Amino acid sequence: MLKRVGALALVTCKEGIRDRSLFGILLFALFVLGLNVAVAGFFMRDLGKVTVDMNLAALSFAGLLLVFFICINLMAKDIDKKTIHLVLSKPFSRGEYIYGKYLGLVLLVVCTLALLLVFSTTTVAGVNAMYPKYFGGFTWSVYFWAVAFIGVQLALLCAIVVFFSALTTSSFITLVFSVATYLVGVSIEEVLFYLKSQAAAGEVVASETLRAVLEVVAWMVPNFSAFDLKTEAAHGLELEPVRLLTSAGYGLGYVLILLWLATLIFRRREFN
């Protein structure tokens, strides 16, 4: 089983590397990283913070483009081109197909993120060497943890893509639902905090029904802000091991649930 899943994951990763869109995403990310060096002198007071923020934002945004535009196409390609019949005619179960495709997407994301991390580290190190006094609180360990949790976030997004790809035959619908899930997951915590603070102040800005619905949504949709360590990396704040373990376990739990649901749905799906 592991051999078959690994083989499918490797094939999926190679297909993603051959996609021309990947090179466009890489060039865009490298442009942003290079732009950081060019404009660093304009933010002298917050130069260290801006440098770290720009680098992490470039890595995160490039990863989102990779997941939403390449990973979704990799999932839809087998069904659109009817090659899914050829794959499933071999000694592959549908569960192995789901896990193999998911691991292939994650492998593609990890390889891309690792490549960009090399250039990002060079950029931060270069700016740090030019303006060392503005990086007083910066630590590489926190920076690398922030990048690692960008990877966790993208791995969770890949699981969301696999889930919606198993649920629908349209790559466009998968894209819409995946992007919507991400946007809700990023903002739901702030929305609930705002509503609770307004309620505590005696101001009613939403009905009880709406707040109840948002609470349910918050339980169903993963909270992507749990993986955001940009503030800690920019300010050199200490990271608690408990938080790292809790966030990693939270992401892993969601991934396993989504893959389990995707497998159940995919097993009952009919292909024409």
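The model is predicted: local features need pLDDT of at least 70, side-chain atom pairs count only at pLDDT 80 or more, and totals for chains, interfaces and linings use all residues. Residues are numbered from 1 along each chain as its sequence is written, and side-chain values use heavy atoms, without hydrogens and water.

**Exercise 1.** Determine how helix α5 is oriented relative to helix α6, and which classes of residue make their contact.

*Solution.* Step 1. Helices are DSSP runs (H or I, at least four residues) numbered from the N terminus; α5 covers residues 94–130 and α6 covers residues 140–167.

Step 1. Their axes (lines fitted to C-alpha atoms over the stretch in contact, with angles from 0 to 180 degrees between N-to-C directions) come within 10 Å and cross at roughly 150 degrees. Therefore α5 is roughly antiparallel to α6, a term for angles over 145 degrees.

Step 2. Contact means heavy atoms within 4.5 Å; the residues involved include Y102 and L113 of α5 and F144 and G151 of α6.

Step 3. These contact residues divide into 20 nonpolar, three polar and no charged. Here Ala, Val, Leu, Ile, Met, Phe, Trp, Tyr, Cys and Pro count as nonpolar, Asp, Glu, Lys and Arg as charged, and the others, Gly among them, as polar.

**Exercise 2.** Describe the lining of the largest pocket.

*Solution.* Step 1. The lining has 15 residues, and F164, T181, M220, V221 and P222 are the closest to the pocket centre.

Step 1. Helices α6, α7 (171–200), α8 (208–220) and α10 (241–267) each supply at least two lining residues.

Step 2. By class, the lining has 14 nonpolar, one polar and no charged residues.

Step 3. A pocket is an open set of points on a 1 Å grid over the protein atoms alone, where a 1.4 Å probe fits, with protein on both sides within 12 Å along at least five of seven lines; lining residues have an atom within 4 Å of a point.

Technical notes. Parallel < 35°, antiparallel > 145°, perpendicular 65-115°, else oblique.
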